[in-house]
Amino acid sequence: MKRYCLVVLLLELSFFSLSGQDWDLALKLAPKDALLLADNVPVYPITIETPEAVRLYRFTARFPEVLKLSAPGYRDRLLRHPSLSGPLSRLRPRMDLQVKLEPRSSSLGFIGFIQTGSQPKSVLFVEGGRRIATALLDGSGIEVFDSSSFEAVASSSPALNDADRLGFVEMVELPERRELWVSQMTTGKIHIFETGAYRFKQSISAGGRWPKVLITDPSHSKVYVSHWTGRSVAEIDVATRRVLRTFSVDGIPRGMAISPDGEKLYIANFSDGNIEVVDLCTGEGHSIETGPGAMRHLVIDTAGRRLYFSDMYYGSVGSIDTRTERLLWRRRIGSNVNTIALDSQERCLYASVRGKNGPRGYLYAGDEFGSLVRLDARSGRVLDMVWGGNQPTGLDLSPDGSLLAFSDFLDHRLELYQVEENAP
C-alpha cells in the first residue's frame, strides 16, 4: 500500500440535511479571523476552544449545502469532506478540520500535501531535484518521493535494533558518490544510503554525541557534523569515513555553513546566539557577536560575502557581511524560526516559521499555524507569506528554484509550492 497522499487545494466534502440533529464543526483556521459562510450567509462560532484556538460552529436541523471560508486578501475556499457522505448512523456529531487559506497575491502557488511518516524533521531535494527526501525524527529512517508525480519512491532504514529506530534528523547529498548521508541523534551515527534505489550502505560514527546538522565542503571530500550534547563539530573524511578533526564549541552547535573557498566554517551557537568561525587551515576560531539568542540555521551565498542566519529565540532572520563580520540587517518574522534557504539567484531568502509551541511543549500543537516567509535577501524586507500547518520545520528549494518543499512536523506531511519564475 502506497504511503503517499497528494491532497489538492479544494478539501473534498459533501453535505446534506441532517433532519433535526445538531451537528458541530470545529475549525482551526489560518488566518484566524477567516469568515465562515453557510449558503453565503455568515456563521459565527459559538465558542473558541483552547489551547488551539479552535472555533466551534453549531448547525441545527439542516446542514448547509455549501460552506465557504473567506478573508480579505485570500482566496476563498469551499469545504467538502468525504466522511460526511453515507448513512446518517455513521455520522459523527462533530467534525474537526484544520484549514488554511492561500494569499491572492502570493508568488507561491500551493500544489498539495505529501503524507509522510512521523515527525519529518528535514527536507532535501536530491538527484538534481528529481526526488524529495525527508528524515523522520519519530520514524525508522528516511522516505523519498518523486518531485513530479509526488509518489513514494523509497522508505529505507539502516540495520538497527528496534530500540534504536528513532531520532533521524538532517541529510546531506554527495552526488559524485551517489550517496545520501543521514544523522541520527540517538545512536551517535551517520547512516549512508545509495541514491537512486536508496538502499542502506553502512553506518559510521558521527564523532560525537547527539549529531544534528550535516554539511559538505565545496569539494565534497569532507563532511562536517554538529553535535548537540557533545558541544563539538566533527570533520569526517568522505573516502575513509573517519573523523579527521574535532572542533570544540563553547555552547550548543546547530546549523553550519562553509565558505565557497573551503577555508572558513561558520557554526550557529544555539546557546548564546553568536556565530563561531573556524579557520579550517589552522583550526583556530573566534566568535561573531550576534547574541543573545538561539542561533539555529546558517546559509552562505556563492560569493562567500553574505552569511544568513535564523534565530529561534527572537523569531528573526538576518544577514552578516563576512568581510567586516558586521550585521547588515535583522528582521523578526514570527515565533520559532527554523530552517532558511536562498533561492538559486540569491535574491530571496525563505524561512520556515514553526509558530508558538503548545502549552505542553514543542511536541504539541499551539494555538496558531506556522508559516513560510519569503524575504528580500539584500534588505530583509518581507515579500511574501503563506500559512503552513502545525510546526513548519524542514525546508528546501529545488536546484532550478521552481519548487519549494517544507515539512509540517506535527502533521506528518510535506507541503509543496510552485515558485513563480520571475518572483522577486
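Modeller: Tyr198 counts as buried, because its relative accessibility is 1%; buried means under 20% relative accessible area, exposed over 50% and partly exposed in between, with a 1.4 Å probe and protein chains only. This is a predicted model, in which local features need pLDDT of at least 70 and side-chain atom pairs count only at pLDDT 80 or more, while totals for chains, interfaces and linings use all residues. Residues are numbered from 1 along each chain as its sequence is written, and side-chain values use heavy atoms, with hydrogens and water left out.

Tyr198 lies in the loop between strand E17 (189-194) and strand E18 (199-205); strands (E, at least two residues) are DSSP runs, as are helices (H or I, at least four residues), and they are numbered from the N terminus. The phi of Tyr198 is near 60 degrees, a positive value in a residue other than glycine. Most residues other than glycine have a negative phi, and most peptide bonds are trans.

Asn40 is found in the loop between E3 and strand E4 (41-43). Asn40 counts as exposed, because its relative accessibility is 59%.

Cis peptide bonds also occur in loops. One joins Ala30 and Pro31, with omega about 0 degrees, and Pro31 is placed in the loop between E2 and E3. Another joins Gly291 and Pro292, again with omega about 0 degrees; the loop between strand E26 (285-288) and strand E27 (295-300) holds Pro292.
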